[in-house]
Amino acid sequence: MALVLLGSLPAVRALLFAHHGSAAYKTDTVVVLKKAMVMRFVWANPHAVLLFDVKDDKGNLSHWAGEAGSPSAVRLLGWTKNSLRPGDVVTVHLYPSKFNSTVGRIEKIMLADGTTLKDSPRGDLGVVSRF
C-alpha cells in the first residue's frame, strides 16, 4: 500500500501544479486598460477575480474579467477584499488571453489615488501593448 501511495505522488503533484500554468495567456504581452470601471471584485479561492468595463478609442464598451492570485497570496502584497469596489475607476495591466477574448491574468492595478496593487512581488515587466 505504501509503495502505491509513494508511486502516485508524482501524478498528484503534476495535477496540482497544472492548474497554475499560464498557457492560456500571452505572457510576453502586457495590455494596459485605462479608465476601467470596476463592476465587481470577487475575493474567493482559488483566484480573486476583477470584473470591469472599459471603452476603446471609438467609445465601444467591452466587459473584461481579470484573474489575480488567491486571496491569501495577494493579501501578502497589500490587497484586501475591499481594495476594489464597484464604481472605482482604475488602470488594469494584464496578460491577455491567447484566445482573443476579453479575459486576462492581472499583472497590476493602479488605483485612482496612485496606489498600485501587484499580483506578484516581481518587478514590472514593461508594457508591450496598450489599449
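**Reading strands, rings and surface**

Tutor: Start with a strand pair: E4 and strand E5 (residues 103-110) are joined by six bridges and run antiparallel. This is a predicted model.

Student: Which residue of E5 stands opposite Tyr95?

Tutor: Arg105 in E5 is opposite Tyr95.

Student: How many residues lie between the strands in the hairpin of E4 and E5?

Tutor: There are six residues between the strands.

Student: Which way do E1 and E4 run, and how many bridges join them?

Tutor: They are antiparallel, with five bridges.

Tutor: Count its buried residues; the cut-off is under 20% relative accessible area. In E4, seven of the eight residues are buried, so the strand is largely enclosed by the rest of the structure.

Student: What is the order of elements along the protein chain?

Tutor: From the N terminus, read α-β-β-β-α-β-β-β-β. That comes to two helices and seven strands.

Student: How do I judge the chain as a whole?

Tutor: Check burial, then contact range. Of the 131 residues in the protein chain, 34% are buried. Now take contacts between residues at least 6 apart in sequence: 57% of them join residues at least 24 apart. The chain exposes about 8300 Å², and carbon and sulfur atoms supply 60% of that area.

Student: Now the rings. How many aromatic pairs does a search of the whole structure find?

Tutor: The search finds three. One of them is Phe41 with Trp43, a tilted pair at 5.9 Å centre to centre and 55° between the planes. For Phe41 and Trp79, the ring centres are 6.1 Å apart and the planes lie at 35°, so this pair is tilted.

Student: Where in the chain do Phe41 and Trp79 sit?

Tutor: Phe41 is in strand E1, and Trp79 is in the loop between helix H2 (71-75) and strand E4 (89-96). They are 38 residues apart, and the pair links distant parts of the chain. Ring pairs join Phe41, Trp43 and Trp79 into a cluster.

Student: Is Trp79 buried or exposed?

Tutor: Trp79 is buried, at a relative accessible area of 1%. Phe41 is buried as well, at 13%.

Student: What about the surface? Which residues form a nonpolar patch there?

Tutor: Met37, Met39 and Val89 do, with about 250 Å² of accessible area together. Met37 lies in strand E1 (residues 31-42). Its relative accessible area is 38%, so Met37 is partly exposed.

Student: Last topic: contacts across the sequence. Where is Lys26?

Tutor: Lys26 is in the loop between helix H1 (2-18) and E1. With 30% relative accessibility, Lys26 counts as partly exposed.

Student: Which residues does Lys26 contact, leaving aside its neighbours within four places in sequence?

Tutor: Lys26 is in contact with Tyr95, Pro96, Ser97, Lys98 and Asn100. Lys26 and Leu94 are 68 residues apart in sequence, yet 9.4 Å apart in space, C-alpha to C-alpha.

Key
Residues numbered from 1 in each chain as written. Predicted model: local features only at pLDDT ≥ 70, side-chain atom pairs only at ≥ 80, totals over all residues. Heavy atoms only, no water. Patch = residues over 30% accessible without salt bridge, like charges linked within 9 Å, V, L, I, M, F, W, Y side chains within 5 Å. Areas by Shrake-Rupley, 256 points an atom, 1.4 Å probe, with all protein chains shown as cover. Salt bridge = Lys/Arg side-chain N within 4 Å of Asp/Glu carboxyl O. Helix = DSSP H or I, 4+ residues; strand = E, 2+ residues; numbered from the N terminus. Buried < 20%, exposed > 50% of the residue type's maximum accessible area, 1.4 Å probe, protein only. Phe/Tyr/Trp six-rings, centres within 6.5 Å; stacked < 30°, edge-to-face > 60°. Pairing = 2+ DSSP bridges. Contact = heavy atoms within 4.5 Å.
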